[in-house]
Every structure is written in C-alpha cells, then in structure tokens.
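Here is a short report on aromatic contacts, a pocket and a hairpin. Have the coordinates open while reading.

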Amino acid sequence: MSADPPHRAGKPQRSTTSQPPGGSGPNTIEVRRSTRRRRTVSAYREGDRTVVLIPARMSAAEEQRWVTVMLGKLAAQESRRVLGDAELVERAGRLSAQYLGGRARPASVRWVTNQNTRWGSCTPAEGSIRLSHRLQGMPEYVVDYVLCHELAHLLVPGHGPDFWRLLEAYPRTERARGYLEGVVAAARLPHPPGTQEE
C-alpha cells in the first residue's frame, strides 16, 4: 500500500470529507472511491487536506480502518524526511505567500547545529533564518510552524500581540506548540533504569 501521490486510478465514484479520527483543527480527510481501483489504497497530502484513495467496493468500516492506517503511514514518512537548505528556502517562500501575504522574504534559510535551547532564530536586518537541527525528523507541520514563527519575526520583532496575530494565520500553531512543549518535557523526564549508558 502506497502513501505517495497516486497515478491516475480512474474517476472517483464518490467523495467524502471528514475530520481526522481523534484529531481537531482544520486538517481534513477526503476519501475518494474509484471503481477502477481494485485492491490498492494510497494517500497523499494536498495542502491542509489528506486525500485517501480506496476501491469503491470497500465497506464503511474498511474505509475507516484504511484511513487510520494511511494517516499513520504518511506521518511516519513525514517524520523521516529531512528537507535540505534549498528546500527550506522554497518552503519558507510558500509559507510566507500562504499565511503572511508574501510579505516575509527571507534571504536565507538553513539548518544549524549550534542551537540547542532554541528551535529557530532569525536576523531581520540580514533576512536570515536558522533552524535547529533538532527539528529534523519532526513532523512537517512542526517544521512549518517554526518557519512561520521566524518568518513572522522578519515582520514583527518580539512576541507581542501583533506577532501572535500574524501567527494565527497558520492553522496548526497550537498543535505544533503542544508538540514542541511535549518534546521539551520528555527531555526532562528521568531515564528508566538500565537505559542510560554507563
């Protein structure tokens, strides 16, 4: 079963849109059924929407099971994918256009290994954004949030009301912040006996 963008598998017989199981927020799932699709199930992201392609003959219970499976596969793929610096610049440009009206224009965006207490930083005078290497391997929506955060700093210094108003445009801000807070909290937990290197 693939979690990659599909080849043409026939016109969808019907289309349903729903919220992710157990999830909240603007991310929607669109299930497309195809009479030409016999056994394969695939899924891909389209902006803030996840599209799952299934055979038309599947029952509602099978549909729900496959949606859950494919969401897991996509999340696993996204957590393993590491963007290069060139991709970061391109992604920052797309995020600026989508959520900040294209007003934030970074001159450079790159990964750095010397930020162990911050997720990202920027120098507005130079238009440079740096992301901590610790973000590599985290879900894309988390990396996108940190990019949006730093892009917003190119427009508004500090963390005042104007800054947070800008970030409200990114729909997964609260979810990403919660994820990062969880990572920080988990790092503070004591290691179970026998797991630390002696």
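## Aromatic pairs

The count of aromatic pairs comes to 3 in this predicted model. One of them joins Tyr141 and Tyr179. The geometry is edge-to-face, with 6.3 Å centre to centre and 80° between the planes. Tyr141 lies in helix α3 and Tyr179 in helix α5, so the pair ties together parts that are 38 residues apart in sequence. Tyr141 counts as buried, because its relative accessibility of 12% falls under the 20% cut-off. Tyr179 is partly exposed, with a relative accessible area of 30%.

Phe163 and Trp164 form another aromatic pair, also edge-to-face. Here the figures are 5.0 Å centre to centre and 85° between the planes. Phe163 has a relative accessible area of 0% and is buried. For Trp164 the value is 27%, which makes this residue partly exposed.

## Charges over Tyr141

Which arginines lie over the face of Tyr141? Arg172 does, at 4.4 Å from the ring centre. Arg175 does too, at 4.6 Å from the ring centre.

How much space lies in the second largest pocket? The volume is about 340 Å³. The lining has 15 residues. Nearest the centre of the pocket lie Trp119, Tyr145, His149, His159 and Leu180.

Three elements each supply at least two residues of this lining: β6, α3 (140-155) and α5 (173-188). The largest share comes from α3, with 5 residues. Helices α3 and α5 are also the two that hold Tyr141 and Tyr179.

Strand β6, a contributor to the pocket lining, covers residues 120-123. Strand β7 covers residues 128-132. The two strands run antiparallel and are joined by 4 bridges. Gly120 has Leu131 of β7 as its bridge partner.

Together β6 and β7 form a hairpin with 4 residues between them. Gly127 sits in the turn and has a positive phi of about 70°.

Note on methods. Residues are numbered from 1 along each chain as its sequence is written. This is a predicted model: local features need pLDDT of at least 70, side-chain atom pairs count only at pLDDT 80 or more; totals for chains, interfaces and linings use all residues. Side-chain values use heavy atoms; hydrogens and water are left out. Two strands pair if DSSP finds at least two bridges between them. On a 1 Å grid over the protein atoms alone, a cavity is a set of points where a 1.4 Å probe fits but cannot get out, and a pocket is an open set with protein on both sides within 12 Å along at least five of seven lines; lining residues have an atom within 4 Å of a point. Grid points are joined across faces, edges and corners, and a volume is the space filled by probe spheres set on the points. Rings of Phe, Tyr and Trp (its six-membered ring) pair if their centres lie within 6.5 Å; planes under 30 degrees apart count as stacked, over 60 as edge-to-face and the rest as tilted. Buried means under 20% relative accessible area, exposed over 50%, partly exposed in between (1.4 Å probe, protein chains only). A charge sits over a ring if NZ of Lys or CZ of Arg is within 6 Å of the ring centre and within 35 degrees of the ring normal.
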